[in-house]
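Here is a short briefing on one structure. The points are grouped by topic.

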Amino acid sequence: MFKTRIFAGAALAIAIIANAAAHAQYTAKEWPDGPMKQRFVSICGGCHDINRVRVGYTPEGWLTVTRMMQNMAAPVPAEEWPAMTEYLIKSFPERARPVAAILPGPAKVNIKMWDVPTLGSRPHDPRAAKDGSIWWTGQLVNKLGRLDPKSGAIKLITSPTPNSRPYGLMIDSKGTPWIAEFGAPKIARIDPQTMQFKEYTLPSPAARPRRLALTDDNTIWYTDFARGYLGRLDVKTGEVKEWPSPSGPKSEPYGIVFTKGALWYAETAAKPNTIVRFDPKTGHFQSWAIPGGGDIVRNMDVTRDGNPVFAGSLTNQVGLVEVAQEHAASTQY
Ligand code: HEC
């Protein structure tokens with residue numbers, strides 16, 4: 001009994017010291033020392049803010065993140081990855097997290113999970129198809145997956161374009177998935193039977209299509225985040241038509257939906273962020289400032305009665321665009 005108490009006390013003291021040390025690492029300007037410090041400082045800020053590591057991860061989490069960074073070809077020499085992983089695990093442990101509250105109740109559910117085949121693939125944008133299958137984009141391994149929840153069978157296909165970073169995913173009325181290849185720049189259609197990719201290359205090599213909206217099974221609309229365009233792809237002819245977004249080349253169009261006869265999307269770098277309406281029949285744009293600024297509307301959806309909804313990541317808000325009836329009906333100007 002006595003022994004146990006001492007032990008518990010010691011463990012607590014160690015935990016407090018460890019926590020203080022970890023805390024100091026998160027807030028210190030200097031990065032923690034270690035054999036990989038220089039490599040870390042010179043490489044890990046190459047594609048994104050190096051401070052991302054400060055979130056901290058469990059050792060398993062770091063294994064996954066370093067796999068993701070290898071998938072992205074972060075230029076760490078192959079033989080140094082184990083030491084880099086060790087440095088990250090040691091220097092940036094997971095921060096204190098809330099313990100999950102598990103509440104009992106009358107509903108009965110069964111949550112099933114499947115491991116996707118490729119490590120560090122960063123599954124993104126899940127979609128449920130009408131045939132019961134679940135599709136997802138494997139953002140950092142250039143793959144698209146299809147899971148049959150009945151048998152657990154997974155089909156995985158690799159985009160023919162290296163590093164194409166599959167991002168936005170939509171399924172058309174026939175059950176065919178379409179993806180925006182954010183790194184390519186291409187839009188791809190996947191035949192759900194043969195799993196064949198058909199890619200449509202956008203005219204500008206600098207285009208970075210982020211999200212998609214479908215108006216019918218032959219017309220795909222996309223937001224070109226990098227160039228500030230709204231684009232339309234006619235998949236029958238492969239013809240692409242583009243319109244400069246009202247706030248210009250740096251406006252970063254992102255979340256997009258099709259509803260009430262028009263495309264609605266957000267310009268996420270414009271200050272304030274805007275909601276843009278584009279009438280495909282007349283080619284007219286109209287736009288509104290998002291009250292409060294919107295700041296980074298990454299994704300949008302549509303209510304049952306057809307009104308666009310969105311979220312503003314930095315303003316900490318969600319929003320609803322109530323479209324007046326008469327406006328929705330009149331497409332003539
Ligand atoms: C070649 C580009 C590149 C380099 C170099 C790079 N990363 Fe990344 N990293 C990415 C991309 C792409 C993502 C995911 C997309 C995003 O959110 O920007 C990402 C995401 C992350 C994340 C967030 C992962 C998550 O989903 O929670 C962490 C942490 C991270 N990187 C750490 C590192 C570390 C540590 C290094 C150095 C060993 C590094 N990165 C080097 C491209 C890179």
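β3 and β4 form a hairpin, with four residues between the two strands. In the turn, Gly152 has a positive phi of about 75°. This is a predicted model: local features need pLDDT of at least 70, side-chain atom pairs count only at pLDDT 80 or more, and totals for chains, interfaces and linings use all residues. Residues are numbered from 1 along each chain as its sequence is written.

- Strand β3 covers residues 143-148 and strand β4 covers residues 153-158. Helices (H or I, at least four residues) and strands (E, at least two) are DSSP runs, numbered from the N terminus.
- The two strands run antiparallel and are joined by six bridges. Two strands pair if DSSP finds at least two bridges between them.

**Overall make-up**

- The protein has five helices and 19 strands.
- Of its 333 residues, 30% are buried. A residue is buried if 20 or more other C-beta atoms lie within 10 Å of its own, exposed if 12 or fewer, and partly exposed in between, with C-beta atoms placed from the backbone.
- Among contacts between residues at least 6 apart in sequence, 43% join residues at least 24 apart. Two residues are in contact if their C-beta atoms, placed from the backbone, lie within 7 Å.

**The β17-β18-β19 sheet**

- This open sheet has three strands in the order β17-β18-β19, with antiparallel pairing.
- β17 and β19 (317-320) are the edge strands, and each pairs on one side only.
- Neighbouring strands of the sheet are turned by 20° against each other on average, direction ignored. Axes here are lines fitted to C-alpha atoms, for helices over the stretch in contact, and angles run from 0 to 180 degrees between N-to-C directions.
- Four bridges link β17 (residues 297-302) to β18 (residues 308-312).
- Val297 stands opposite Gly312 in β18, and Val302 has Pro308 as its bridge partner.
- β17 and β18 form a hairpin with five residues between them. Gly306 in that turn has a positive phi of about 90°.

**The β13-β14-β15-β16 sheet**

- This open sheet has four strands in the order β13-β14-β15-β16, again with antiparallel pairing.
- Its edge strands are β13 (253-259) and β16 (284-289), each pairing on one side only.
- Neighbouring strands are turned by 20° against each other on average, direction ignored.
- β13 pairs with β14 (residues 262-267) over five bridges, in the antiparallel sense.
- Ile256 stands opposite Tyr265 in β14.

**Around the ligand**

- The ligand has 16 residues around it, and Cys44, Gly46, Cys47, Met72 and Ala74 come nearest. A residue is near a molecule or strand if its C-beta atom, placed from the backbone, lies within 6 Å of it.
- α3 (59-71) and α4 (81-91) are the elements that give two or more residues to this shell.
- By class, the shell holds 12 nonpolar, two polar and two charged residues. Ala, Val, Leu, Ile, Met, Phe, Trp, Tyr, Cys and Pro count as nonpolar, Asp, Glu, Lys and Arg as charged, and the others, Gly among them, as polar.

**Ala184**

- Ala184 lies in the loop between β6 (177-181) and β7 (186-190).
- Ala184 counts as buried because 27 other C-beta atoms lie within 10 Å.
- Leaving aside neighbours within four places in sequence, Ala184 is in contact with Thr161 and Ser164.
- Ala184 and Ser159 are 25 residues apart in sequence and 9.9 Å apart in space, C-alpha to C-alpha.
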